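Here's a quick briefing to read with the structure open beside you. Take it one topic at a time and find each piece as you go.

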Amino acid sequence: MALKGNLRDFTITQLLNLINLAQKTGVLVIEGPSEHATITFRQGKLAYAQTGREDGSLAFILQQTRKISQSQYRLLRERTAQMSDKELGLLLINAGYLSQDDILTSLQNHFVEIVRGLFTWGDGLFRFDQDVFPADGKITVRLDLENLIIEGSRQMREWERLQEEIPSLEMALRVSERPGANMKNINLSVEEWRVISYASPKNTIQQIARTTKMTDLEIRRVVYGLIQAGLVEVVRPEAPGAKPPPIRQFPTGSNKEEQKSLVNRLISRIRSL
Amino acid sequence: MQTVKMVVTGPFNAGKTAFIKSVSEIDVVATERKISAEAEKVKDTTTVAMDFGRITVDDDLVLYLFGTPGQKRFDFMWEILSEGMLGFIVMVDSTRPETFREARSILQTFRAYAPTPYVVAANKQDMNDAWELNDIRLALRLDPKIKLLPCIAQKKDTVKAVLLELLYSILAEMESGGGR
């Protein structure tokens, strides 16, 4: 009989501890707030992981871990759609594009990231089915759970603290304005630059997270850091009530009229400075 | 809310910071220290020094100006900068011909990364030892079609002129059937 429950009653830390200590083999499926995750274990070690929203293929994982580019990923999807992950892996190794170590490291990192993400899921139905394995063509790994569990617990504590500091992602950000401040260079990470480039009273933190493809934890971490450094302030969003539209970037493709209109607006504004 | 970006690049001390400061509605709040210790735990992050300015166009549109060094080691930032980038400006210090070669290299690198319109701004044109535009054009081996504009980064009018010329170039490319 499968082990079933809710993360409200049995946390992910407890689940992983159980699987680790009892050296369980099987698959854990969790239905989270906005997606689901499937984690496979073999004798208490992490073997495979996938979330519902991704295609889960080796090509996808290699692209996510930047071992291949977007265009290479698209090419592989078209040309090797009928191949299993194992077949594709062998092809890439034999062709000299990647080593076995590259592939395994990518898979491990990807699976670990998925499991790390689960530690922020405080609610969700789970089910553990024993002796269920991934499909034959999938490449599995063998990762100890202890470090993941310790790190996950640490992350949980950080998550709780960040939630206290930034309780709502429906607030907006504004770049701090400090007249008279000396001009110097800012040193920020790529993620911090992404967030600051979208800071505006019209964009909620949630919108920024979606646009920059960050998780709730990641965006809180980045925003907290920017607040501490005095670069941004949390403000009430300017358009409460109605659901705000997503943040849009420069219109591309065939929408020439929209593009021209946008550029003309920019021209008018610059002239008025 | 729509956001668009322009990037200002060029050799060290070409005047990128002053350029952005002239038109930005916000002071670029900065220190040279890294962000707080909490954020440092994020992962093995590389930090990048950049200037950052903003011009609010209207209720629905914001223009961000990023001033970045053009050195090759910062090329990983192009993924973020190229998203929604309208075009870029290469700034050159007109009084330092020893930087022209680097400016040329930066220009070539950026053109390879992003096939968007660009202009070159010859800064510090108010200085006595500033090179003439024609000579700078020759030194940079600029295509005759590329705009080379005089600039004094502390003077808003000249900065506006550079931004406008870049926007005109973008518009011209759209009208000629190019664009993104």
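**The sheet in chain A**

Let's start with one pair: Glu31(A) has His36(A), in strand 3 of chain A, as its bridge partner. Keep in mind that this is a predicted model.

- Strands of a sheet pair through backbone hydrogen bonds, either parallel or antiparallel.
- The whole sheet is open and has 5 strands, in the order 1-5-2-3-4 (chain A), with antiparallel pairing.
- Which strands stand at the edges? They are strand 1 (3-6) and strand 4 (45-51) of chain A; each has a single partner strand, so one side of each has no neighbour in the sheet.
- From one strand to the next, the twist averages 15 degrees.
- Helix 5 (residues 100-118) of chain A packs on the sheet and touches strand 2, strand 3 and strand 4 of chain A. The direction of helix 5 makes about 80 degrees with that of strand 4 of chain A.

**Two helices side by side**

- In chain A, the axes of helix 1 (residues 12-21) and helix 6 (residues 146-165) come within 10 Å and cross at roughly 170 degrees.
- That angle is over 145 degrees, so helix 1 of chain A is roughly antiparallel to helix 6 of chain A.
- Helix 1 of chain A brings Ile12(A), Thr13(A), Leu16(A), Asn17(A) and Asn20(A) to the contact, while residues from helix 6 of chain A include Leu148(A), Ile149(A) and Met156(A).
- Sort the residues of this contact and you get 5 nonpolar, 5 polar and 1 charged.

**Buried spots in chain A**

- Helix 7 (residues 190-197) of chain A is largely enclosed by the rest of the structure, because 7 of its 8 residues are buried. Among them are Trp193(A), Arg194(A) and Ile196(A).
- Leu226(A) sits in helix 9 (residues 216-228) of chain A. Is Leu226(A) buried or exposed? Buried: there are 24 other C-beta atoms within 10 Å, and the cut-off is 20 or more.
- Leu226(A) and Ile196(A) are 30 residues apart in sequence, with their C-alpha atoms 8.3 Å apart in space.

**The nonpolar cores**

- The largest nonpolar core has 69 residues, and Ile196(A), Met6(B), Ile89(B), Val90(B) and Val92(B) have the most contacts inside it.
- Strand 4 (residues 85-93) of chain B gives this core its largest share, 7 residues.
- Another core, of 33 residues, lies apart from that one, and includes Leu46(A), Tyr48(A), Leu107(A) and Val115(A).

Notes. Residues are numbered from 1 along each chain as its sequence is written. Chains are lettered from A and ligands numbered from 1 in the order in which they are written. This is a predicted model: local features need pLDDT of at least 70, side-chain atom pairs count only at pLDDT 80 or more; totals for chains, interfaces and linings use all residues. Helices (H or I, at least four residues) and strands (E, at least two) are DSSP runs, numbered from the N terminus. A residue is buried if 20 or more other C-beta atoms lie within 10 Å of its own, exposed if 12 or fewer, and partly exposed in between; C-beta atoms are placed from the backbone. Axes are lines fitted to C-alpha atoms, for helices over the stretch in contact, and angles run from 0 to 180 degrees between N-to-C directions. Angles under 35 degrees count as roughly parallel, over 145 as roughly antiparallel, 65 to 115 as roughly perpendicular and the rest as oblique. Two residues are in contact if their C-beta atoms, placed from the backbone, lie within 7 Å. Ala, Val, Leu, Ile, Met, Phe, Trp, Tyr, Cys and Pro count as nonpolar, Asp, Glu, Lys and Arg as charged, and the others, Gly among them, as polar. Two strands pair if DSSP finds at least two bridges between them. A nonpolar core is a set of buried Ala, Val, Leu, Ile, Met, Phe, Trp, Tyr and Cys residues joined through C-beta atoms within 7 Å.
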